[in-house]
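The paragraphs below go through them in turn.

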Amino acid sequence: MHTPYLTFRLRGAWYAVEASSVREILRLPALTPVSEAPYYIIGVVNYRGHILPVMDLGLRLGQPPQAYRIHDHVIVLEQQSRLLGMLVNEVNGVYEIILETLEAHPTFAESHEGAPRFVRHLAKLDTTAIMVLDHERLLSTAVEPRAEVNQEALTRPEVRWQQGTEHAPAGDGIPANPFETTPLFFHNASAWEREVLLERARNLTSSLEERAATQHTPLAIVGLSGEFFGVELEMVREFTDLHRITPVPCCPDYIVGDMNLRGDILTVLDIRQALQMPVGQAAPTAKVMVVPLGDSLVGILVDQVFDVFDLDTFALSVVPSAIKAINDTYLKGTISCYGKMLAILDLQNILATGDLTVNEEV
């Protein structure tokens, strides 16, 4: 029997949880700390009209604290009337695992007797060992049945954080700014990162039905040579790590090389030349955008993936003359995002007319 599991990474290790228990996957938002919460609950957020407690999965599994990152994810688990956010580093994808191949998680000699165990099984995916979590136990030991949000209590602080001019008076029931009251949650966030986190939290206050009624396009923010660009996610199959690139002899400079993507050969391109931008070595944080090209797939090298958010299509503006140095033939327009001007890449046009021939004879 095959069962779909959502796989993800946390502190270098692979985990999985039954896909049927996952309600939604979020980018880490700003969290409001709450009193008398267990040490592993790092805060709550107004999640579409409900209070969503967010758990640091690493802490819950007995691991030491670790700094949070702007590109961390929150997996929202749901069972009956319970909701729980689970903070992880990176979401990989959904895979079907044959239940008969699952192995029981071993009991070690130094395990604390009576302590809750959240890893139910071990699974193998290619050469990777994956720890399969018991989502029912995670939910039942962490949260009570969900309650409706006190809308005033969770929306008023966001305005104050944004203005940064005052704090909540003692005893008025308004949570304080999480960036100033707790050293645990993202205490080292930059001003730009704080604005990103707050904007994500604001976006979660509206229901999925309300957001569906407006015209939004999912957009990823990527970095190229120190500049920020937006990429429409409908053009992207996935983001993957840059690893084991094999150079291809006698090819143009924009062809970085070939890499193995789950058994298939993926040609990786550098589009900075088409955008008239300086070309350099791949950054340590480099990622590869996997995009369709005809009947095949190609990879596009980017320095970093910063965020994913919904673009209000009515907010798109024409390309201003200030950024004409970049080849605006391959830009769809610009938007103001987190206080920065963001150019939206026209990937389809870049691959079609940007002199980026992949199947070139050598």
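The model is a predicted one. Side chains of opposite charge can pair when their charged atoms come close.

Start with Arg9 and Glu90. Their side chains meet in a salt bridge, at 2.9 Å from N to O. The pair links distant parts of the chain: Arg9 sits in strand S1 (residues 2-10), Glu90 in strand S8 (residues 90-98), and 81 residues separate them. Arg9 is partly exposed, with 22% relative accessible area. Glu90 is partly exposed too, at 24%.

Now go to Glu24 and Arg48. The closest N and O atoms of this salt bridge are 2.6 Å apart. Glu24 belongs to strand S3 (residues 22-27), while Arg48 lies in the loop between strand S4 (41-47) and S5, 24 residues away. Both residues are buried. Elsewhere, salt bridges that share partners join Arg9, Glu90, Asp241 and Lys287 into one network.

Arg11 pairs with Asp56, and here the closest N and O atoms are 3.7 Å apart. Arg11 is in the loop between S1 and strand S2 (13-18), Asp56 is in strand S5 (residues 50-56), and the two are 45 residues apart. Is Asp56 buried or exposed? Asp56 counts as buried because its relative accessibility is 2%, under the 20% cut-off. Arg11 is partly exposed, at 25%.

How values were computed. Residues numbered from 1 in each chain as written. Predicted model: local features only at pLDDT ≥ 70, side-chain atom pairs only at ≥ 80, totals over all residues. Heavy atoms only, no water. Salt bridge = Lys/Arg side-chain N within 4 Å of Asp/Glu carboxyl O. Helix = DSSP H or I, 4+ residues; strand = E, 2+ residues; numbered from the N terminus. Buried < 20%, exposed > 50% of the residue type's maximum accessible area, 1.4 Å probe, protein only.
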